[in-house]
Amino acid sequence: MKKITVLLLLTSLLFLLCACGEKQFAVFTVVEGENPPASEPVETTSPVQETPDSGTAMVSAIYADEAFFSDHDAFDEFSEDDSEYSVKVAFTTDAAVEDFKFLRLGFVDADETGKFQFEIAEELYTLEELSPQCPLVVDVTLEGIVPDRGISYVDQDGAVKYYALQMSGKDDSLLLTEFDAPL
């Protein structure tokens with residue numbers, strides 16, 4: 001009886017290993033004098049996408065690295081957390097926005113589509129204007145899967161925009177995800 005059970009288990013294991021599917025390979029033909037195909041670059045910044053005709057500014061959240069600091073002589077800075085786990089996040093814009101705020105968010109609810117609702121727990125830092133010439137650099141620790149930091153600003157059309165700041169689980173890039181006005 002034990003031999004039959006062992007044989008059945010080994011046979012099942014053999015079928016499972018063989019049934020994993022065929023390996024697929026990409027085949028490229030390189031013609032002399034031409035460059036081989038390049039892979040798609042991975043975008044590490046996540047600008048907030050607005051339609052160009054809408055007249056609204058495009059605000060981005062990027063990691064403030066050495067290249068950022070060498071490209072920007074002037075910037076505002078706010079240090080919320082200077083622990084070893086904090087990261088420097090730069091908020092940049094292509095056009096000036098008014099009443100820019102860095103926020104601590106409180107989770108309220110999520111609907112059936114996964115869209116979060118937040119409340120503004122605290123305004124951590126405020127600028128009268130965020131401009132392309134003077135971005136904001138924030139030392140912040142991004143914890144957990146539910147965003148707890150965000151921004152708000154008044155765009156060029158006079159509308160107040162709200163975005164949650166989060167880190168992508170795929171490639172650790174920074175994301176700004178729009179959410180509806182707090183309750």
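The legends below describe several close-up views of a single protein chain, beginning with the whole model and ending with individual residues.

**View 1. The whole predicted chain and its confidence.** This is a predicted model, in which local features need a pLDDT of at least 70 and side-chain atom pairs count only at pLDDT 80 or more, while totals for chains, interfaces and linings use all residues. Residues are numbered from 1 along each chain as its sequence is written, and side-chain values use heavy atoms, with hydrogens and water left out. The pLDDT, which is the predictor's confidence in each residue on a scale from 0 to 100, averages 78 over the protein chain, and 69% of the residues score at least 70. Over residues 20-53 the pLDDT stays under 50, and for this stretch the model has 30 contacts beyond four places in sequence, where a contact means heavy atoms within 4.5 Å.

**View 2. The elements along the chain.** Helices (DSSP runs of H or I, at least four residues) and strands (DSSP runs of E, at least two residues) are numbered from the N terminus, and the protein chain has two helices and ten strands. Read from the N terminus, their order is α-β-β-α-β-β-β-β-β-β-β-β.

View 3. Two strands are said to pair if DSSP finds at least two bridges between them, and here five strands form an open sheet in the order β6-β5-β8-β9-β10, with antiparallel pairing. The edge strands are β6 and β10, each of which pairs on one side only. Neighbouring strands of this sheet are turned against each other by 30° on average, with direction ignored, where the axes are lines fitted to C-alpha atoms (for helices, over the stretch in contact) and angles run from 0 to 180 degrees between N-to-C directions. At one end of the order, β9 and β10 run antiparallel and are joined by five bridges, and Gln 166 has Leu 175 in β10 as its bridge partner.

**View 4. The hairpin of β5 and β6.** These two strands pair in the antiparallel sense over twelve bridges, and Ala 110 stands opposite Phe 116 in β6. Five residues lie between the strands of this hairpin, where Gly 114 takes a positive phi near 95°. Val 108 lies in strand β5, and its C-alpha atom is 10.0 Å from that of Ile 120, twelve residues apart in sequence.

**View 5. The nonpolar cores.** A nonpolar core is a set of buried Ala, Val, Leu, Ile, Met, Phe, Trp, Tyr and Cys residues joined through side-chain atoms within 4.5 Å; buried means under 20% relative accessible area, exposed means over 50%, and partly exposed lies in between (1.4 Å probe, protein chains only). The largest core has 22 residues, of which Phe 91, Phe 100, Phe 102, Ile 151, Leu 165 and Leu 176 touch the most other members. Among the elements that give two or more residues to this core are β4 (87-93), β5 (97-110) and β9 (160-167). A second, separate core of six residues includes Leu 103, Leu 105, Phe 118 and Ala 164. In the protein chain as a whole, 32% of the 183 residues are buried.

**View 6. Arg 149 beside Leu 165.** Arg 149 is in strand β8 and counts as buried because its relative accessibility is 11%. The C-alpha atoms of Arg 149 and Leu 165 are separated by 5.5 Å, although these residues are 16 apart along the chain. Beyond four places in sequence, the contacts of Arg 149 include Glu 80, Phe 102, Leu 124 and Val 140, while those of Leu 165 include Ala 61, Val 89, Phe 91 and Pro 147.

View 7. Most residues other than glycine have a negative phi. Asp 99, found in strand β5, has a positive phi of about 50°, and it counts as partly exposed because its relative accessibility is 33%. Asp 172, in the loop between β9 and β10, has a positive phi of about 65° and counts as partly exposed because its relative accessibility is 44%.
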